[in-house]
Amino acid sequence: FGIKGAALASFLSVGLYDTAKIWYVKTKYHTQPFGRKTLYLLLILSAVYGLAIFLPNLSNLYIDVAYKSVLISVLYVLLLYLTKTSEVLNGLIKKYISF
């Protein structure tokens, strides 16, 4: 199968391992490791990624990487803060930045 077979084998092994970990947490500790906020986080990540695709490329590679990194990071943290998805992040922002 070549490189596609290796990719498929990696995908299956990681997927089965992660499924086993989730099952273990659920049966051993009687708790669900994912919740509604996980879905919100995935939606925010998808939206930021979708917007990042349409950012224009600059001629200088270093400036391009820097401006995209800063813009995407600020947008991501801002969306997480506004939606109150991460209690830890909101606590850190409130601790170090007073509005």
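K68 is buried, at 17% relative accessibility; buried means under 20% relative accessible area, exposed over 50%, and partly exposed in between, with a 1.4 Å probe and protein chains only. This is a predicted model, in which local features need pLDDT of at least 70, side-chain atom pairs count only at pLDDT 80 or more, and totals for chains, interfaces and linings use all residues. Residues are numbered from 1 along each chain as its sequence is written, and side-chain values use heavy atoms, with hydrogens and water left out.

**Salt bridge K68–D64**

- K68 forms a salt bridge with D64. The term stands for a side-chain nitrogen of Lys or Arg within 4 Å of a carboxyl oxygen of Asp or Glu.
- The closest N and O atoms of K68 and D64 are 3.7 Å apart.
- K68 and D64 are about one helical turn apart, because they sit four residues apart in helix α3. Helices (H or I, at least four residues) and strands (E, at least two) are DSSP runs, numbered from the N terminus.
- Helix α3 covers residues 61-83.
- D64 is buried too: its relative accessible area is 9%.
- D64 touches P56, N57 and L58, leaving aside residues up to four places away in sequence. Contact here means heavy atoms within 4.5 Å.

**The other salt bridges**

- The structure holds three salt bridges.
- One of them joins K21 and D18, with the closest N and O atoms 3.5 Å apart.
- K21 and D18 both lie in helix α1, three residues apart, which is about one turn of the helix.
- K21 is partly exposed at 41% relative accessible area. D18 is also partly exposed, at 31%.
- Another salt bridge joins K37 and E87, with the closest N and O atoms 3.2 Å apart.
- K37 belongs to helix α2 (residues 36-53) and E87 to helix α4, so this pair ties together parts that are 50 residues apart in sequence.
- K37 is partly exposed, at 37% relative accessibility. E87 is exposed, at 62%.

**Aromatic pair**

- A search of the whole structure finds one aromatic pair. Rings of Phe, Tyr and Trp (its six-membered ring) pair if their centres lie within 6.5 Å; planes under 30 degrees apart count as stacked, over 60 as edge-to-face and the rest as tilted.
- The partners are Y24 and Y29, and their arrangement is edge-to-face.
- Their centres lie 6.4 Å apart, with 90 degrees between the planes.
- Y24 is partly exposed, at 42% relative accessibility. Y29 is exposed, at 53%.

**Nonpolar surface patch**

- L8, F11, L12 and L16 form a nonpolar patch on the surface. Patches are made of residues with over 30% relative accessible area and no salt bridge; like charges are joined within 9 Å, and nonpolar side chains (Val, Leu, Ile, Met, Phe, Trp, Tyr) within 5 Å.
- Together these residues have about 460 Å² of accessible area. Such areas come from the Shrake-Rupley method with a 1.4 Å probe; for residues, only the protein chains shown count as cover.
- F11 lies in helix α1. F11 counts as exposed, because its relative accessibility is 61%.

**Confidence**

- The protein chain averages a pLDDT of 93. This score is the predictor's confidence in each residue, from 0 to 100.
- In the chain, 99% of the residues score at least 70.
- Among the elements of the chain, helix α1 (residues 2-29) has the highest mean pLDDT, at 96. Helix α4 (residues 87-96) has the lowest, at 90.
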